[in-house]
Amino acid sequence: MLESLKKMFAGNEGDLPVNPGSKPDISREKSAELYEKAKTYFPGGVNSPVRAFKSVYGTPLFIQKGDGCFVWDADGNQFIDFCGSWGPLILGHNPQKVREKVTEVMQNGMSFGAPTALENELAELIIKNNKHVEKIRFTSSGTEAVMSAIRLARGYTSRDKILKFEGCYHGHSDSLLVKAGSGLVTFGETSSLGVPKSFAEETIVVPLNDREALTQAFGQFKDQIAAVIIEGVPANNGLLIQDAEYIEFLQQICKDNGSLLIFDEVITGFRLGFEGAAGHYGAKPDIVTYGKILGGGLPVGMYGASAEIMGHISPDGGVYQAGTLSGNPVAMAAGIAQLTELLRSGFYKELNNKAAEFVDGIQRFATARNYKFKVFNIGSIFWFAFTDRDKIQCADDIDPASMEKFKVMHRELLNRGIYLGPSGYEVGFVSAAHSKIELEKAKRAILEALDIVFRNK
Ligand SMILES: *Cc1c(COP(=O)(O)O)cnc(C)c1O
């Protein structure tokens, strides 16, 4: 999604060179027709920019149906899907348990704007199984959750500045649509028109995995930083897996300076394990945000913290935050059904093992052929990187030129029935619905696509 901000205006529709060994392009007649129509209704024909296929070949596929690990587009093409609606669908598409619960709850109405028992039920599932939150607040999106967490941190500390990392995406609220300027520690520069410069100046941006930059920032802005926000595992601009020691350092420097540490776990929450990246690292963030998986495919976000910190949220405290559809019963039902499945013993072990086997097979092949290609992987998240680096831990380590190779790969994969998010900066997700048979099929297609990419280097 970050990448979309930078690259969405590049544009290369209709530009489809043929590579030796390529399969013929799938039919996109109906999708193309729908896209033409959509362009008359929506800017760029979409309701979220990365969907517009600006960084890959061709026009966007309009999806008609999903079931398990498969999606079908408007032209009837079938794909094994690794986008998973950008993360929420850890059980795959349209899982029976979630569908049934949602359908049952819907019989009683869609929204009341008054408390329901379902909110308690979902909250209890989370709080009982997650030591990082004592109290929570539901929102309707990840963006809202993070925006509110930032307000809470500012209200709690009576400080204004926040620190974020280059290469992390935290939704599209003003304070967070900010990128690094030049220099190690910088005031942010807005990464979108319409964000006031004065807002961006409250956001400090530093590179990931750089202790010196953090130390310098805390020196330069002593007693001014309300919170440091980091993605549990940065997964919106490549997969930038941080070392445990760095996370520990980050936690300590926040503590030493009276700043809160916010783990934005909108992707990693309930993905790396029920307790997300905080559980994975054994970290103790002060505030956590969740979304995506939490809503089982419906719009839900949340933020949570200790009872003491959450006591600052209105109506208990002075930090205002609200929502007409917050805690919506239908969305709560989806969350309850999905999270209940995740809590089954062995769920994550099985999923993560399956994902590891899948990516290991791909990596072994690429390594054997000396391809400049790495699959980075944590839990059931993976990222295809055209690089020979063993680690990529900050945004600057990604070579933008390598995205040309992803473009070729993306097209070859679509033509072989594999759907990846339409950008080389985006990660892929393995779901519980991906059977070993489908993963094996997908792997074979990926190996073929790699051969084509590298024959054309
Ligand atoms: C997706 C995402 C968000 C934004 O969530 P939306 O539901 O799209 O508003 C925020 N933070 C992270 C880490 C995300 O991956």
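## Domain arrangement

The centres of domain 1 and domain 2, taken over C-alpha atoms, lie 26 Å apart in this predicted model. An automatic or database assignment sets the bounds, giving domain 1 as 2-51 + 77-93 + 346-455 and domain 2 as 96-342.

The contact between the two domains draws on 31 residues from domain 1 and 33 residues from domain 2. The size of an interface is often given as the accessible area lost when the parts come together. For domain 1 and domain 2 the buried area is about 2700 Å², and carbon and sulfur atoms contribute 63% of that area.

## Helix packing of α4 with α11

Two packed helices are described by the angle between their axes and the distance between the axes. For helix α4 (residues 117-128) and helix α11 (residues 329-342), the axes come within 9 Å of each other and cross at roughly 30°. Because angles under 35 degrees count as roughly parallel, α4 and α11 are described as roughly parallel to each other, and α4 passes α11 in a left-handed crossing.

On the α4 side, the residues that take part are Leu118, Glu119, Glu121, Leu122, Leu125 and Ile126, and these meet Pro329, Met332, Gly335, Ile336, Leu339 and Thr340 of α11. Sorted by class, this contact of α4 with α11 comprises eight nonpolar, two polar and two charged residues.

## Helix packing of α12 with α14

Helix α12 (residues 347-368) packs against helix α14 (residues 436-455) at an angle of about 25°, and the two axes are 10 Å apart. That angle makes α12 roughly parallel to α14, and the crossing of this pair is right-handed.

From α12, the contact involves Lys354, Glu357, Phe358, Gly361, Ile362, Phe365 and Ala366, which meet Lys436, Leu439, Ala442, Lys443, Ile446, Leu447, Leu450 and Asp451 of α14. The contact of α12 with α14 divides into nine nonpolar residues, one polar residue and five charged residues.

## Helix packing of α13 with α14

Helix α14 also packs with helix α13 (residues 403-414), where the axes come within 9 Å and cross at roughly 135°. The pair α13 and α14 is therefore oblique, and the crossing of α13 and α14 is right-handed.

Here α13 contributes Lys405, Val408, Met409, Glu412 and Leu413, while α14 contributes Ala445, Ile446, Ala449, Leu450, Ile452, Val453 and Phe454. By class, the residues of the contact of α13 with α14 are ten nonpolar, no polar and two charged. Ile446 and Leu450 of α14 are listed in the contact with α12 and also in the contact with α13.

## Backbone features in loops

Two points of backbone geometry fall in loops. Ser314 and Pro315 are joined by a cis peptide bond, with omega at about 15°, and Pro315 is found in the loop between α10 (307-310) and α11.

The other concerns Ser85, a residue other than glycine that has a positive phi, near 60°. Ser85 is placed in the loop between β3 (78-81) and α3 (96-106).

Methods. Residues are numbered from 1 along each chain as its sequence is written. This is a predicted model: local features need pLDDT of at least 70, side-chain atom pairs count only at pLDDT 80 or more; totals for chains, interfaces and linings use all residues. Side-chain values use heavy atoms; hydrogens and water are left out. Axes are lines fitted to C-alpha atoms, for helices over the stretch in contact, and angles run from 0 to 180 degrees between N-to-C directions. Helices (H or I, at least four residues) and strands (E, at least two) are DSSP runs, numbered from the N terminus. Angles under 35 degrees count as roughly parallel, over 145 as roughly antiparallel, 65 to 115 as roughly perpendicular and the rest as oblique. A crossing is left-handed if the near helix is turned anticlockwise from the far one by less than a right angle, and right-handed if clockwise. Contact means heavy atoms within 4.5 Å. Ala, Val, Leu, Ile, Met, Phe, Trp, Tyr, Cys and Pro count as nonpolar, Asp, Glu, Lys and Arg as charged, and the others, Gly among them, as polar. Buried area is the accessible area (1.4 Å probe) that two parts lose on being put together, summed over both.
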